[in-house]
Structures are given as C-alpha cells and as structure tokens.
Amino acid sequence: DSDESEGEDGAPAQNIGDVVTASEIDALRQHIRKCWVVPAGIKGAKDMTVDIKMEINKEGTVLKADITDKKRMASDSAYRTAAESAQRAVLDPQCNPLPLPKDKYDQWKDLEMSFNPKDMY
C-alpha cells in the first residue's frame, strides 16, 4: 500500500520515538477485527465510531475496556449494540494478549482506540 508514509492519526515524524506507531495501531485493529462480531443491519453503522478506553497489562491482555460515550450509550440503541460488541471483542480471550511491542508498555498500558463498524464489512 503506497500511502504508508502518511499514517492516519500518526504523530508527526519528529515526535515518534517511543510512541505507538500508526502501523502498530493498524495491526492491533486487524487483530481485534477477527473477534468483533458486528451485529448485521446496525442503523447508521457507516457514520458510527465507538471509542474504547482500555487498561492493558504487561503481557498485552486487556484488563478493562470502557466505552467512552456514555451519553450516546444511553440514548442510541444501535450505538449501544455496536459499542458493546466492540467492548466484547477487545476483552475476548481469543484476541488476548494483544500484539503490542513490550518495550513501549508505558505508551499503550492505557490505550484508547476508535472502532468503526463500516471497517468490518
């Protein structure tokens, strides 16, 4: 893929160093994708982004996963369905431990990731 140099949410090149890179985040998304069963027919899935804040131990196992948009969870049942399925995926024993670089533990022990159901289709 030819646009590797312009990572989506990556830090500017001079800030990299010990930061978790865009390609490491992409690999993590690919890894979690196999555990994320997005319920079919979720209304508005293409415009939906679920943010999950995770606490991860040194082995790369997710200890805790919180859906950050509590307000939308309460008011939007389609969002709640997608968010709960993403939360189950990151906690799924089949997807743990996560493939994270052990030497960057301080950068990813508290990690927030965005998931979008449209990426799953």
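**View 1. Gly60 takes a positive phi near 95° in the hairpin of β1 and β2.** This hairpin has five residues between its strands. Strands here, like helices, are DSSP runs numbered from the N terminus (E, at least two residues, for strands; H or I, at least four, for helices). The model is a predicted one: local features need pLDDT of at least 70 and side-chain atom pairs pLDDT 80 or more, while totals for chains, interfaces and linings use all residues. Numbering starts from 1 along each chain as its sequence is written, and side-chain values use heavy atoms, with hydrogens and water left out.

**View 2. Three strands make an open, antiparallel sheet in the order β2-β1-β3.** Pairing here takes at least two DSSP bridges between two strands. At the edges sit β2 (62–67) and β3 (110–115), each pairing on one side only. Neighbouring strands are turned by 25° against each other on average, direction ignored; the axes behind such angles are lines fitted to C-alpha atoms (for helices, over the stretch in contact), and angles run from 0 to 180 degrees between N-to-C directions. Strand β1 (residues 50–56) is joined to β3 by six bridges, and Glu55 stands opposite Asp110 in β3.

**View 3. β1 shows two faces, one covered and one uncovered.** Val50, Ile52, Met54 and Ile56 make up the covered face, while Asp51, Lys53 and Glu55 are on the uncovered one.

**View 4. What does Val50 touch?** Leaving out residues up to four places away in sequence, Val50 touches Tyr79, Ala82, Ala83, Ala86, Met113, Ser114 and Phe115 (contact is heavy atoms within 4.5 Å). Val50 is buried, at a relative accessible area of 0%; buried means under 20%, exposed over 50%, and partly exposed in between, with a 1.4 Å probe and protein chains only. Its C-alpha lies 9.2 Å from that of Gln87, though Val50 and Gln87 are 37 residues apart in sequence.

**View 5. Helix α3 (residues 77–91) packs on the sheet.** The helix touches β1, β2 and β3, and its direction makes about 170° with that of β2. Buried in α3 are Ala78, Tyr79, Ala82, Ala83, Ser85, Ala86, Ala89 and Val90. They cover an arc of only 160° around the axis, so they end up on the same side of α3; the arc is that of the directions from the helix axis to the C-beta atoms. The partners of these buried residues are α1 (22–33), β1, β2, α2 (70–75) and β3.

**View 6. A side-chain oxygen of Asp76 sits at the start of α3.** This oxygen reaches to within 3.1 Å of the backbone nitrogen of Ala78.

**View 7. Lys104 is in the loop between α3 and α4 (105–108).** Is Lys104 buried or exposed? Lys104 is buried, with a relative accessible area of 10%. Its side chain joins that of Glu24 in a polar contact of 3.1 Å (N or O atoms within 3.5 Å; within protein, one able to donate a hydrogen and the other to accept it, and residues adjacent in sequence count only if both atoms are side-chain atoms).
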